Amino acid sequence: MTDTGAETALPEELTSFETFAPEIQRAVTEMGWLSPMPVQRRVTPVMRRRRDLIAQAMTGSGKTGAFGLPSLEIIDPTLRAPQVLVLAPTRELALQIENEIKQMGKYLQVETVAVYGGTAYGPQLEAFGRGAQIVVATPGRLLDHLGSGNLKLDKLRVLVFDEADELLSLGFWPDMRELQKYLPKQRVTGLFSATMPQRVVSLARVFLSEPEFVSLTEGGVRAPEEIEHWHFIVAANEKEKALLRLLRYEDPDSALVFCNTRDDVRFVSDLCDVVYVLDFGRCIASGTPEEVMANEAVIEAYIGKEAA
């Protein structure tokens, strides 16, 4: 349920970051954020009013900032207990979100922790012991901690489902229902997803109370199923030539090219700039999935968006 409380007059859209605390303004300036992105302009006022919401916005549209910045305002920094819980379907996404929120709150007395499986429990338990206020978690490891009593959510103020269409799918639904047992009734809950099928909206009502809807599918922001997909079958020794012919023919404003190895990344990049003398402004990100996800801000800058 949503804690409505006494509502004050707030703008319907966030027009600048100047309404945030100086510590947050300093952090977002260092992150290269000049002005709020559309999803941030629309979502922040809703969360400031302590209203539940469903937001449809593409990955890379700035939604981490949309829920991260107002969450930092809602937190009581003197309370050393989990107050914000962000759920993500994969460890890579959890690490990315936790890294971005950590940057947003770097000048606040706030601690964050990413909780996911396939790694040691020790560092996560140490973060709980220090009183981490923001927990970004995948469902399985989160439920392990809750079931063993390592983590309590009785002080929780904000609950966020990122990639909600995945988290509310049949595969995760049993975990979501189990999680519900540990959640306090009074909280702000936000669902964020690029797609919002009616099935997801229906299931989401288990966690939401009279939510507001924010959709950014207009104005050029499209869901994946609305984007045309093409594939070409070429011989292994013709891949680079085919790629370059395609780039020349399509002449896109921006493009992302994924390669299997770091050496392949360097080779394709050199082909574009040296062999074919293509006038491509380029940005290279390589490494483990965690390292690449941490460089999302660089990729977004390359495709003409402010990092968020």
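A search of the whole structure finds 12 salt bridges, a salt bridge being a side-chain nitrogen of Lys or Arg within 4 Å of a carboxyl oxygen of Asp or Glu. Side chains of opposite charge can pair when their charged atoms come close. The structure is a predicted model, in which local features need pLDDT of at least 70, side-chain atom pairs count only at pLDDT 80 or more, and totals for chains, interfaces and linings use all residues. Residues are numbered from 1 along each chain as its sequence is written, and side-chain values use heavy atoms, with hydrogens and water left out.

The chain holds 13 helices and seven strands; helices (H or I, at least four residues) and strands (E, at least two) are DSSP runs, numbered from the N terminus. Of its 308 residues, 44% count as buried, where buried means under 20% relative accessible area, exposed over 50%, and partly exposed in between (1.4 Å probe, protein chains only). The accessible surface of the chain comes to about 16,100 Å², and carbon and sulfur atoms contribute 52% of this; such areas come from the Shrake-Rupley method with a 1.4 Å probe, and for residues only the protein chains shown count as cover. Among contacts (heavy atoms within 4.5 Å) with a separation of 6 or more, 74% join residues 24 or more positions apart.

The average pLDDT, the predictor's confidence in each residue from 0 to 100, is 83, and 81% of the residues score at least 70. Over residues 1–11 the pLDDT is below 50, and this stretch has 21 contacts in the model beyond near neighbours in sequence. Residues 219–223 also stay under 50, with eight contacts beyond four places in sequence. Where pLDDT is low, the predicted coordinates should not be read in detail.

Several salt bridges can now be followed one by one. Glu 73 pairs with Arg 48, their closest N and O atoms being 2.9 Å apart. This pair links distant parts of the chain, with Glu 73 in helix H3 (residues 63–74) and Arg 48 in helix H2 (residues 38–48), 25 residues apart. Glu 73 is partly exposed, at a relative accessible area of 31%, whereas Arg 48 is buried, at 17%.

Another salt bridge brings together Glu 212 and Arg 51 (3.3 Å, N to O). Glu 212 lies in strand S7 (residues 212–215) and Arg 51 in the loop between H2 and strand S1 (53–56), so the pair ties together parts that are 161 residues apart in sequence. Glu 212 counts as partly exposed, at 23% relative accessibility.

Helix H3 also carries Lys 63, whose partner Glu 163 sits in the loop between S5 and H7, 100 residues apart from Lys 63. The N to O distance in this salt bridge is 3.7 Å. Lys 63 is buried, with a relative accessible area of 5%, and Glu 163 counts as buried at 16%. Elsewhere, salt bridges that share partners join Arg 26, Glu 30 and Lys 106 into one network.

Helix H8 (residues 173–180) has Trp 173, Met 176 and Leu 179 among its buried residues. Seen down the axis of H8, the buried residues fall within an arc of 115°, so they line one face of the helix; the arc is that of the directions from the helix axis to the C-beta atoms. Their cover includes strand S2 (84–87), helix H6 (139–148) and helix H9 (198–204).
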